[in-house]
Amino acid sequence: MQSKDISTASAVSHLECSRTGERFEAGQIHDLSAAGWPLLVRYDIKRLRQNWDRDSLQNAPRSMWRYAPLLPVRLTNDIVSLQEGFTPLHRLERLAERVECDDLWLKDEGVNPTGTFKARGLSCAISMCRELGIRKVAIPTAGNAGGALAAYAAVAGIDAYVFMPRDVPLANFLEAKSFGANVTLIDGLITDCGKRVADGKASENWFDISTLKEPYRIEGKKTMGLEAAEQFGWTLPDAIFYPTGGGVGMIGMWKAFAELEQLGWIGAKRPKMISVQAEGCQPIVRAFQQNAEFSEFWQGAATIASGLRVPKALGDFLTLRAVRESSGTAVAVSDIEMMDACEELATREGLFVAPEGGACIAALKKLRQSGFLSMSDRILIYNTGSGYKYMEAWALHYGSSLPTAGDVFPELR
Ligand SMILES: Cc1ncc(COP(=O)(O)O)c(C=O)c1O
């Protein structure tokens, strides 16, 4: 156990409004900026350049906390970790042949604690709750973030209130419940869960951990980008495929690359950032095609990839900015295409992935066929979750159905 006064050497300097640039002090409880937009954490990179170098990572922890100087938590003792991050990078040689890519890689986020990349964001957010003395948190979730929040809150001894759609995969409900969270099933989507949290937070004294309404989940998720850079020897791939719901991973990685360049650890080259969504819920794809700065609420959102069932995201303009600045694009795929791609990953590569991961392979096929990407491009796919959390989707793929959380626990409202 580390003593309270050991510093992580975090170089956090302040927070900044993502639209107006207004500055806010670090070390205080924040949600949105005064203008109502997401806040971004900023660091004293000049100072970091002098006392942190790439070689020192050889001795760093094999988790996302290896990048602690570029994360907001100031004291080691406040870090709430279940060994998240530093996930494997697989070269997909057999699938590469089939999709005509010479240089195809998959970062497997399914091996994280609670089986998805959500562990990264929630490890960071709950660590900051501990630093700031927050004792009660609430989250609206498409499913996986609720499970991850519950796990980290359990470790930190923080009360967790989780609101998830009634038809989430059963695993999401059971894991959150098992970690001791107060779970409510809602008739509706993540946006309806968000309304419940917003309505209750003043009277219940909850701190709202909604996507981008607090500034630290994005910091945890940006480590996906830091790791990719390190694992590729500090050169970035030509394209990154990211399954986009709230967009936090995409925004975080884009931020990570800018910070790495300021540190002098990578050059100016950036991957094309490819936002992948489901045909049944594609607000970012639509906004990208229409050249709009913001997305519009997607009516009747429906997809087997529950993490992509986000009809409108607070940070949509930041996701779209990353896609455009990188000369990337946005692609929608059908549920059948994504599950067929999941099966190909399983049969050819021995990887049992979430539909969100399969969606990226399905999107890659489209962009190879259209010529947007070439055979020699180095491609990185993010599989954001384990297939083990999606028994319903896999059962459906094989022609059967399983009950969802709401079917098994109909009394829970
Ligand atoms: C497995 C999975 N992939 C992707 C996403 C989308 O993540 P983001 O909010 O970073 O776009 C989610 C969100 O719930 C998810 O659970």
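How many residues does α8 have, and how far does α8 reach from its first C-alpha to its last? Helix α8 has 16 residues and reaches 22 Å between those two atoms, close to the 22 Å expected at 1.5 Å a residue. The expected span of a helix is defined as 1.5 Å times one less than its number of residues. Helices (H or I, at least four residues) and strands (E, at least two) are DSSP runs, numbered from the N terminus.

The model is predicted: local features need pLDDT of at least 70, side-chain atom pairs count only at pLDDT 80 or more, and totals for chains, interfaces and linings use all residues. Residues are numbered from 1 along each chain as its sequence is written.

Helix α8 is mostly covered, with twelve of its 16 residues buried. A residue is buried if 20 or more other C-beta atoms lie within 10 Å of its own, exposed if 12 or fewer, and partly exposed in between, with C-beta atoms placed from the backbone. Among the buried residues of α8 are Val248, Met250, Trp254, Lys255, Glu259 and Leu260. The helix is followed by Gly264, whose phi is positive, near 85°.

The largest nonpolar core has 129 residues. Such a core is a set of buried Ala, Val, Leu, Ile, Met, Phe, Trp, Tyr and Cys residues joined through C-beta atoms within 7 Å. The residues with the most contacts inside this core are Val137, Leu149, Val162, Phe241, Ile274 and Ala363. Helix α8 (residues 248–263) gives the largest share of this core, eight residues. At least three residues of the core come from each of domain 1 (12–78) and domain 2 (85–413). Ala363 touches Phe241 and Ile274, and also Val276, Val331 and Val333, not counting residues up to four places away in sequence. Contact here requires that the C-beta atoms of two residues, placed from the backbone, lie within 7 Å.

The protein chain is divided into domain 1 (12–78) and domain 2 (85–413), with bounds that come from an automatic or database domain assignment. Their centres, taken over C-alpha atoms, are separated by 22 Å. The contact takes 28 residues from domain 1 and 31 residues from domain 2. On the side of domain 1 that touches domain 2, the elements that give two or more residues are β3 (39–43) and α1. The largest share of that side, four residues, comes from β3.

The ligand is surrounded by 18 residues, of which the closest are Gly245, Gly246, Gly307, Thr384 and Gly385. The elements that give two or more residues to this shell are α4 (144–156) and α8. A residue counts as near a molecule if its C-beta atom, placed from the backbone, lies within 6 Å of it. The shell divides into five nonpolar, eleven polar and two charged residues.

Gly245 is placed in the loop between β10 (239–243) and α8. Gly245 counts as buried because it has 28 C-beta neighbours inside 10 Å. Beyond four places in sequence, Gly245 touches Ala142, Gly307, Leu308 and Val310. Gly245 and Thr76 are 169 residues apart in sequence and 31 Å apart in space, C-alpha to C-alpha.

Two strand residues can be followed next. Met164 is found in β7 (residues 159–165) and is buried, with 28 C-beta neighbours inside 10 Å. Met164 and Thr141 are 23 residues apart in sequence and 5.2 Å apart in space, C-alpha to C-alpha. Thr141 is one of the residues that Met164 touches, and others include Asn172, Phe173, Leu185 and Cys193. Lys107 lies in β5 (residues 103–108) and counts as buried, with 21 C-beta neighbours inside 10 Å. Its contacts include Thr87, Leu89, Met224 and Tyr382.

Positive phi values also occur in residues other than glycine. Ala9, in the segment before β1 (12–17), has phi near 60°. Phe86, in the loop between α1 (45–51) and β4 (89–91), has phi near 50°. Ala9 counts as partly exposed because it has 14 C-beta neighbours inside 10 Å, and Phe86 counts as partly exposed with 19.

How values were computed:
Ala, Val, Leu, Ile, Met, Phe, Trp, Tyr, Cys and Pro count as nonpolar, Asp, Glu, Lys and Arg as charged, and the others, Gly among them, as polar.
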